Amino acid sequence: MEKLRVGIAGYGVVGRRRRQFIDLHPHLHVVAVCDKTFKDEGQLPDGAIYFPNYQKLLEQDLDILFVCLTNDIAAEVTIAGLQKGLHVFCEKPPGRDLNDIAKVAACKQKHPLLKLKYGFNHRYHDSVSDALKLIQSKELGEIINLRGVYGKSKIVSFSQGSDWRSQREIAGGGILLDQGIHMVDLLRLFAGEFVDVHSFVSNSYWKHNVEDNAYALMRTKEGKIAMLHSTATEWRHRFDLDISLEKGAISLSGILSGSKSYGSETMTVAWATEGDMGDPKEQTTRYNQDNSWANEINEFANAILQNSTIVHGTVEDAFRTMELVYKIYCADPKWRESWQLSDRISSEFSLKEWVQ
């Protein structure tokens with residue numbers, strides 16, 4: 001089988017990391033990349049050609065486009081890729097706001113044979129996959145509530161020193177949209193859609209024009225409650241997700257990452273029994289390898305090669321997760337007013353209404 005030709009738009013930290021795992025796939029081959037840091041056109045030592053802009057990249061003979069760009073142009077380049085007849089993989093978030101993802105969805109409707117996938121990478125971590133299987137088995141009964149904390153110590157990137165994430169016109173939002181969106185997506189994955197949302201959103205510490213803390217209390221139609229804290233003032237990087245169920249509990253702690261700063265990735269399962277006196281039997285699994293990047297790319301490649309359905313990170317997933325992010329923003333009246341956000345968001349709203 002001939003290898004599918006891949007182009008990568010945005011060849012920074014994430015683009016290079018994506019390439020590392022694209023190169024491991026037997027049926028994918030990176031032929032071209034682009035990044036604004038390239039001052040001219042040329043060829044990398046491995047033979048891939050490079051360009052300073054995505055327009056030149058899209059003139060190449062490609063099958064697949066990976067979009068690893070800033071939020072302000074992610075949707076624009078995703079649409080351009082689809083219009084070129086390319087399968088597209090785009091990093092989270094899908095854009096700056098719901099309008100961005102709605103435009104992409106409208107374009108995708110015109111290209112039903114093309115695969116479009118969004119990089120909600122945390123769904124592919126082994127701890128998350130194992131927790132989801134356990135929940136779906138019903139061994140521990142139904143979910144009662146969830147508590148998620150995801151935080152780091154600043155908004156500006158440590159690795160690059162770039163401050164675009166603190167600029168509203170580029171990023172669209174702060175810590176909730178940039179990092180907390182992963183936790184929002186996981187809460188949806190485990191509990192379903194949230195119809196009632198209350199929140200406090202603030203930028204009182206770093207004083208950027210994007211949020212550095214978001215606190216949310218949410219409820220599904222079935223009555224499952226979730227509490228979320230997305231923060232850029234968690235001085236020790238932290239990832240914790242506690243899930244209480246009728247017959248026990250699941251606690252996910254730490255997440256394997258490139259920075260190694262979130263601690264060991266573990267899943268602790270507790271089985272509640274009538275006589276445990278509040279001290280139930282527990283079992284902790286520690287995960288020493290991060291298979292998420294490879295698994296995510298493998299699923300995308302297989303969907304193209306076998307013409308199968310995208311499992312995670314569909315355009316509807318991206319829309320619903322972005323919708324919940326904006327419900328959290330809009331649930332704080334002061335934040336909604338200061339940002340002039342529309343509160344025209346409802347769980348009854350269909351994606352179709354947004355793209356028409």
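Predicted model: local features only at pLDDT ≥ 70, side-chain atom pairs only at ≥ 80, totals over all residues.
## Helix 3

Helix 3 runs over residues 71-83, 13 residues in total.

Just after the helix, Gly85 has a positive phi of about 85 degrees.

## Packing of helix 3 and helix 4

Helix 4 comprises residues 98-109, and its axis is 10 Å from that of helix 3, at an angle of about 5 degrees. Angles under 35 degrees count as roughly parallel, so helix 3 and helix 4 are roughly parallel to each other.

On the helix 3 side, the contact is made by Asn71, Ala75, Thr78, Ile79, Leu82 and Gln83. Helix 4 contributes Asp100, Lys103, Val104, Cys107 and Lys108. By class, the residues of this contact are 5 nonpolar, 3 polar and 3 charged.

In soluble globular proteins, nonpolar side chains tend to be buried together. The largest nonpolar core here has 83 residues, and Phe190, Met218 and Ile250 touch the most other members. Helix 7 (residues 175-191) supplies the largest share of this core, 11 residues. Another core, of 24 residues, lies apart from the largest one and includes Tyr50, Ile64, Trp293 and Phe300.

Leaving out residues up to four places away in sequence, Ile250 touches Ala131, Leu134, Ile135, Leu140, Leu241, Asp242, Ile243, Leu245, Met267 and Thr268.

Note on methods. Residues numbered from 1 in each chain as written. Heavy atoms only, no water. Helix = DSSP H or I, 4+ residues; strand = E, 2+ residues; numbered from the N terminus. Expected span 1.5 Å × (residues − 1). Axes fitted to C-alpha atoms, helices over the stretch in contact; angles between N-to-C directions. Parallel < 35°, antiparallel > 145°, perpendicular 65-115°, else oblique. Contact = heavy atoms within 4.5 Å. Nonpolar A, V, L, I, M, F, W, Y, C, P; charged D, E, K, R; others polar. Core = buried A, V, L, I, M, F, W, Y, C linked by side-chain atoms within 4.5 Å. Buried < 20%, exposed > 50% of the residue type's maximum accessible area, 1.4 Å probe, protein only.
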